[in-house]
Amino acid sequence: MKKKYKLLTVLKKIKKNSLFNSLGTLHNEKNKLENVNSELQKLRDKSSFKEGSVISSSQLKSNCYFRADINEKIEISRNRKLHIEKEISGYVGQISKVNKQQEIIQKKIHEDFIIGQNEKDLKEHQNFKVKSVL
């Protein structure tokens, strides 16, 4: 029985470590997306024309397409960031479940230890009575 609980403890530790690694990866990706989003917004802001400047229609058209493309990429990065945040919250939930499972396993190990100690004490007490009777 003890080996079973020890094995479960090891498996839960492995699962928890892998969840933490995945969570770290997701945080890194989220930070990268935030940086990309801010850079794209800076690029979009720099691409605007100054007031009163004379531009040709082809420049205006190409700038319009460029800004539309940048806006689309900004929206994609925002959506990806929201998706990653949902994944992060899911991993945090899984980690809390694993923690609860580890607590239950530790309680079972402790209960089994106490039961084993009580049985050992009873055996010693019974052996003592038998020896005293003889």
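Reader: What makes L7, V10, L11 and I14 a nonpolar surface patch?

Author: In this predicted model, L7, V10, L11 and I14 together form a nonpolar surface patch of about 380 Å². Membership requires over 30% relative accessible area, and nonpolar side chains are joined within 5 Å. V10, which is placed in helix 1 (residues 2-46), has 46% relative accessibility.

Reader: Why does V10 count as partly exposed?

Author: Exposed means over 50% and buried means under 20%. The value for V10 is 46%, so V10 counts as partly exposed.

Reader: Why is K107 called exposed?

Author: K107 belongs to helix 2 (residues 57-133). Its relative accessibility is 56%, and exposed means over 50%, so the term applies to K107.

Reader: How do you know that K12 has no salt bridge?

Author: A salt bridge needs a side-chain nitrogen of Lys or Arg within 4 Å of a carboxyl oxygen of Asp or Glu. For K12, which is buried, the nearest side chain of opposite charge is E103, 13 Å away; therefore K12 has no salt bridge.

Reader: What joins the side chains of K12 and Q101?

Author: A polar contact of 2.6 Å joins them; the limit for such a contact is 3.5 Å. K12 lies in helix 1, and, leaving aside residues up to four places away in sequence, K12 touches V98, Q101, Q102 and I105.

Reader: What makes K30 and E85 a salt bridge?

Author: The closest N and O atoms of K30 and E85 are 3.7 Å apart, and the cut-off is 4 Å, so the pair qualifies. Because K30 lies in helix 1 and E85 in helix 2, the pair ties together parts that are 55 residues apart in sequence. K30 counts as buried at 18% relative accessibility, whereas E85, at 30%, counts as partly exposed.

Reader: How do you know that E34 forms a salt bridge with K81?

Author: The closest N and O atoms are 3.4 Å apart, and the limit is 4 Å. This pair links distant parts of the chain, E34 in helix 1 and K81 in helix 2, 47 residues apart. E34 is partly exposed at 31%, and K81 is partly exposed at 25%.

Reader: Why are E75 and R78 separated by about one helical turn?

Author: They are three residues apart in helix 2, which means a separation of about one helical turn. A search of the whole structure finds six salt bridges.

Key:
Residues numbered from 1 in each chain as written. Predicted model: local features only at pLDDT ≥ 70, side-chain atom pairs only at ≥ 80, totals over all residues. Heavy atoms only, no water. Helix = DSSP H or I, 4+ residues; strand = E, 2+ residues; numbered from the N terminus. Buried < 20%, exposed > 50% of the residue type's maximum accessible area, 1.4 Å probe, protein only. Patch = residues over 30% accessible without salt bridge, like charges linked within 9 Å, V, L, I, M, F, W, Y side chains within 5 Å. Areas by Shrake-Rupley, 256 points an atom, 1.4 Å probe, with all protein chains shown as cover. Lys, Arg positive; Asp, Glu negative; His and termini not counted. Polar contact = N/O pair within 3.5 Å; in protein donor to acceptor, adjacent residues only side chain to side chain. Contact = heavy atoms within 4.5 Å.
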